[in-house]
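Here's a quick tour of a protein chain for anyone who likes to look at the details. Have the viewer open and follow along.

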Amino acid sequence: MSLSDPAHAAERLLTWQEAIALALQSIQSIAEIESVPLLSAEGRVLADDLPARLDVPPGDNSAMDGFAVHWSDLSPDAVTRLPVIGQALAGHRYTRPVPRGAAVRITTGALLPEGPDTVIMQEHCRTDPEETWLEIEPRITDRLRLGENIRRRGEDVQAGTRLLAHGCRLRPQEIALAAGQGIAYLNVVRQPRVAVVSTGDELYEPGSELPSGAIYESNRYLLIGLLRRLGCAVTDLGILRDDREALLATLRRAAAGHDVLLTSGGVSIGTADLVKEVIAELGQIAFWRLAVKPGKPVTFGRIADCLVLGLPGNPVSVMVSFLRFARPLLLKLMGAEPVEPMRWRVVADFAFRRKPGRREWLRAQVRLDAEQRPLAVLYHTQSSGALSSLSWADGLVELPEDCAGVALGDTVDYLPFSALGVE
Ligand code: AMP
Ligand code: MG
């Protein structure tokens, strides 16, 4: 079975799952690695496993501001009174051993001096103003366990273990984890170079004067933002007219300098839909037309080494096909795991008529009912041209191919935009 065989396409559309699997199979992750300083590493994909070099914390230390004591000095049935013989501050250790029957003032993060085995919160102690002695009530010592309020050496991270795995997309917390190891640079996968172009004779740049019958271009603004959030290096190729020669020249040139070419518009079957033809002329189309809604005309192919994703022109189709189709492919290219987003099972606060056959995404919000149960609500129009639906929604209801309609109160799958990298 050849995927470019038009007879095949006419027979049965590829399902979303088949399309993703086929496309993922054909994608090799970028092999080039670069070293970037921590503050430039956010959103990048770690290229190698990163072992921990240090124990964190580096030694037993206090989790609280308080007093380091010997647990065996604490009396369970009378007030315990101890002299305070010194202080251990974060960054300034108390270097002498602390004998039984004595306490040391200690601050959060200070290394535990030799001797004491327990820290008592300062709120649980009474002291004189100069802190030369402290007293603890039996009701406090009664509840205090040996070793309380002490963070053990290596309790957070142990030297020699794997700190971070390759393929991990670096969030602020992973970057902080590396910083805690004294690591200043991280090896990350080179960012994919993605070129974005919009096509259509009716499209004009925001800020320009609009001739009658024309519309302002919005898809590039959507796609470039989504790509940047994902961690791609984007080239904006602007708007192209529905002109074969212009398309040929621009796509040929762009394919030579990019890993991915993302187009919008011109992939359906109208007379001005030249993008598909031009991709086929310059390279190969692996498939086009999927059993999805919106986004049916999505086209996937290659021009030499450059992946080409031809998205339909309607703005909703653009965002949905980016999030559900382009995104996992880009993640694989970036060297990250293209994991399925987390989904919620929610109750439909709507009824929706449809025929089975295509996977469908509806623009939705989730609200809590009186019992705090999540309810999915739909935008008033599900037209694939209605950009306002994307701004209103906080996620997508996903209906599987075999779904024959939704009745009020049915349970549906909901994908929050946040799980798709858009907050
Ligand atoms: P097409 O896929 O080229 O047939 O376009 C489908 C619909 O999307 C048409 O109504 C176009 O005007 C509209 N459209 C195409 N590209 C854009 C764009 N970049 N910005 C806004 N609307 C667009
Ligand atoms: Mg068009």
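What follows is a short report on domains, a sheet, a helix, cysteines and salt bridges.

## Ground rules

This is a predicted model, where local features need pLDDT of at least 70, side-chain atom pairs count only at pLDDT 80 or more, and totals for chains, interfaces and linings use all residues. Residues are numbered from 1 along each chain as its sequence is written, chains are lettered from A and ligands numbered from 1 in the order in which they are written, and side-chain values use heavy atoms, with hydrogens and water left out.

## Domains

The assignment (bounds come from an automatic or database domain assignment) gives domain 1 (6–32 + 191–334), domain 2 (37–56 + 157–189), domain 3 (61–151) and domain 4 (344–420). Taken over C-alpha atoms, the centres of domain 2 and domain 3 are 36 Å apart.

## An open sheet

Helices (H or I, at least four residues) and strands (E, at least two) are DSSP runs, numbered from the N terminus. Strands pair if DSSP finds at least two bridges between them. One open sheet has 6 strands in the order 7-4-6-5-9-8, with mixed pairing. Its edges are strand 7 (118–121) and strand 8 (126–127), each pairing on one side only. Strand 4 (residues 66–69) runs antiparallel to strand 7, joined by 4 bridges, and Val-69 sits opposite Thr-118 of strand 7.

## Helix 6

Helix 6 (residues 244–257) has 14 residues, so at 1.5 Å a residue it should span 20 Å, and its end C-alpha atoms agree at 21 Å apart. That expected span is 1.5 Å times one less than the number of residues.

Its buried residues (under 20% relative accessible area; exposed is over 50%, partly exposed in between, with a 1.4 Å probe and protein chains only) include Leu-247, Leu-251 and Ala-254. Among the elements covering the buried residues, by contact (heavy atoms within 4.5 Å), are strand 13 (193–199) and helix 7 (275–282).

## Cysteines

Counting disulfides as pairs of cysteine sulfur atoms within 2.5 Å, the total is 0. Cys-232 is in none: the nearest cysteine sulfur, that of Cys-306, is 12 Å away. Cys-232 is buried, at 5% relative accessible area.

## Salt bridges

There are 29 salt bridges (a side-chain nitrogen of Lys or Arg within 4 Å of a carboxyl oxygen of Asp or Glu). Glu-398 and Arg-343 form one of them, at 3.1 Å, N to O. They lie 55 residues apart, with Glu-398 in strand 25 (residues 395–399) and Arg-343 in the loop between helix 8 (315–333) and strand 22 (344–348). Glu-398 is buried at 3%, while Arg-343 is partly exposed at 30%. Both belong to a network of salt bridges with shared partners, including Arg-324 and Asp-413.
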